[in-house]
Amino acid sequence: MLPLDGLCRGAEAALAKDPSMALVIAVTTRAIFNLEEEHKLYLEKGKEEYTRHQQANQDKPLPPGTAFAFIQAVQYVNKKILESNPEERDLFDILVLSNNSPESGVRIVNSAKHYGLEISKFCFVSDEDSTQYLKSHGVKLFLSADRTDVCNALQRGVSAALVFQQEVQAPSTPLRVVFDGDAVLFSDETDQIFQEQGLEGAVQYERAMEAVPIGEGPLKAFAMHLGKIRKKFGQEKSPIRTYLVTARSGRDMGIRAIKTLREWGLPIDEAFFMDGAPKGPILAQIQPHIFFDDGLHNIQGAQNVGVPSAWVPSCC
């Protein structure tokens with residue numbers, strides 16, 4: 001149960017979803033909306049001044065943030081699912097999880113309504129570690145602009161990533177999601193071998209382990225549920241496309257990755273084995289709604305070409 005200074009409420013106009021069936025995605029307010037000016041005000045002048053500002057501007061919609069286009073595309077997928085089967089319950093369900101007080105949260109709800117976002121729940125937990133509520137809501141993916149929140153979520157066993165505020169152009173549908181391989185979809189076991197023994201040691205390890213699936217990475221659970229929804233559609237008509245863009249060499253280290261995806265039953269529409277080459281150019285061509293990677297240099301490369309990116313920290 002939320003404390004008295006917290007509030008969890010549903011949006012009246014949003015379609016009710018079954019959290020036991022849905023793919024629940026939690027986003028913080030600074031991930032879905034651009035609150036950089038407001039956050040600066042909070043840091044410089046404190047909570048009371050921030051709350052007064054939000055109340056005074058409660059009818060002024062906030063500009064979209066980095067995860068906004070991703071949430072819009074998820075909403076588009078729900079529309080297509082329900083067009084195919086109006087009784088379907090295996091949908092995306094969006095939860096806004098915020099450290100805003102309920103008093104300053106009105107602007108968040110009004111902004112979501114302004115943009116027509118089908119958000120089912122808003123949870124305002126003032127001065128609390130909001131990640132403690134993720135599992136009780138059945139969250140499969142958590143996106144935040146705060147590294148501490150992301151690390152707390154990962155430590156609680158929830159797929160999570162850190163979004164950096166950037167100017168992004170809303171890509172067209174379908175929903176396009178790009179995953180890195182090692183330390184994102186897969187475990188970091190091969191990365192550790194590489195750090196200890198170099199490239200040749202990592203290649204030898206991969207050859208020796210080719211028949212053994214790679215361990216699970218922090219975003220595997222989310223990717224699997226996404227793949228489950230993806231399988232509801234034929235490949236040509238699917239409103240979801242998924243990609244693997246990895247620094248692995250296809251010749252020396254790609255086979256084990258492909259066999260692992262096959263063993264998991266995880267469908268990937270396109271896979272790019274970059275052999276260490278920059279990922280920015282291929283990401284610019286794909287134009288994903290979100291790109292997950294554990295390397296900050298890859299995140300920077302994606303941001304340089306205007307791709308919404310989310311960092312999955314390998315150590316917290």
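The legends below describe close-up views of a predicted model.

**View 1. Leu226 in helix α8.** Leu226 is part of helix α8, which covers residues 220-230. With a relative accessible area of 0%, Leu226 counts as buried, because that value is under 20%. Beyond its neighbours within four places in sequence, Leu226 is in contact with Leu23, Phe92, Leu175, Val177, Phe179, Ile240 and Thr242. Glu38 is 188 residues away from Leu226 along the chain, and the C-alpha atoms of these two residues are separated by 33 Å.

**View 2. Arg230 in helix α8.** Arg230 also has its place in helix α8. The relative accessible area of Arg230 is 7%, so this residue is buried. When residues up to four places away in sequence are not counted, Arg230 touches Gln235, Ser238, Ile240, Pro267 and Asp269.

**View 3. Helices α7 and α9.** Two packed helices are described by the angle between their axes and the distance between the axes. Helix α7 spans residues 189-208 and helix α9 spans residues 250-264; they pack at an angle of about 95°, with their axes 9 Å apart. This angle makes α7 roughly perpendicular to α9, because it falls in the range from 65 to 115 degrees. On the α7 side, the contact is made by Glu189, Thr190, Ala202, Val203, Tyr205, Glu206 and Arg207, which meet Asp252, Met253 and Arg256 in α9. Sorted by class, the residues of this contact are four nonpolar, one polar and five charged.

**View 4. Helices α2 and α3.** Helix α2 runs over residues 36-45 and helix α3 over residues 47-56. They pack at an angle of about 145°, and their axes are 7 Å apart. Glu38, Leu41, Tyr42 and Lys45 in α2 meet Lys47, Glu49, Tyr50, His53 and Gln54 in α3. The contact of α2 with α3 holds three nonpolar, two polar and four charged residues. Glu38, seen here in α2, is the residue whose C-alpha atom is separated from that of Leu226 by 33 Å.

**View 5. Aromatic rings.** Nine aromatic pairs are found in a search of the whole structure. One of them joins Phe122 and Phe124, whose ring centres are 6.4 Å apart. The planes of these two rings are at 20° to each other, and the pair is stacked. Phe122 and Phe124 are both buried. Elsewhere, Phe33, Phe68 and Tyr115 are linked into a cluster by ring pairs.

**View 6. Lys220 and Trp264.** The charged end of Lys220 sits over the ring of Trp264. The distance from this charged end to the ring centre is 4.6 Å. Lys220 belongs to the range of helix α8, residues 220-230, and Trp264 belongs to that of helix α9, residues 250-264.

**View 7. Two residues with positive phi.** Most residues other than glycine have a negative phi. Ala183, however, has a positive phi, near 70°. Ala183 is in the loop between β7 (175-179) and α7. At a relative accessible area of 7%, Ala183 is buried. Asp275 also has a positive phi, near 55°. The place of Asp275 is the loop between β9 (270-273) and α10 (280-286). Whereas Ala183 is buried, Asp275 is exposed, with a relative accessible area of 58%.

Methods:
Residues numbered from 1 in each chain as written. Predicted model: local features only at pLDDT ≥ 70, side-chain atom pairs only at ≥ 80, totals over all residues. Heavy atoms only, no water. Helix = DSSP H or I, 4+ residues; strand = E, 2+ residues; numbered from the N terminus. Buried < 20%, exposed > 50% of the residue type's maximum accessible area, 1.4 Å probe, protein only. Contact = heavy atoms within 4.5 Å. Phe/Tyr/Trp six-rings, centres within 6.5 Å; stacked < 30°, edge-to-face > 60°. Lys NZ or Arg CZ within 6 Å of the ring centre and 35° of its normal. Axes fitted to C-alpha atoms, helices over the stretch in contact; angles between N-to-C directions. Parallel < 35°, antiparallel > 145°, perpendicular 65-115°, else oblique. Nonpolar A, V, L, I, M, F, W, Y, C, P; charged D, E, K, R; others polar.
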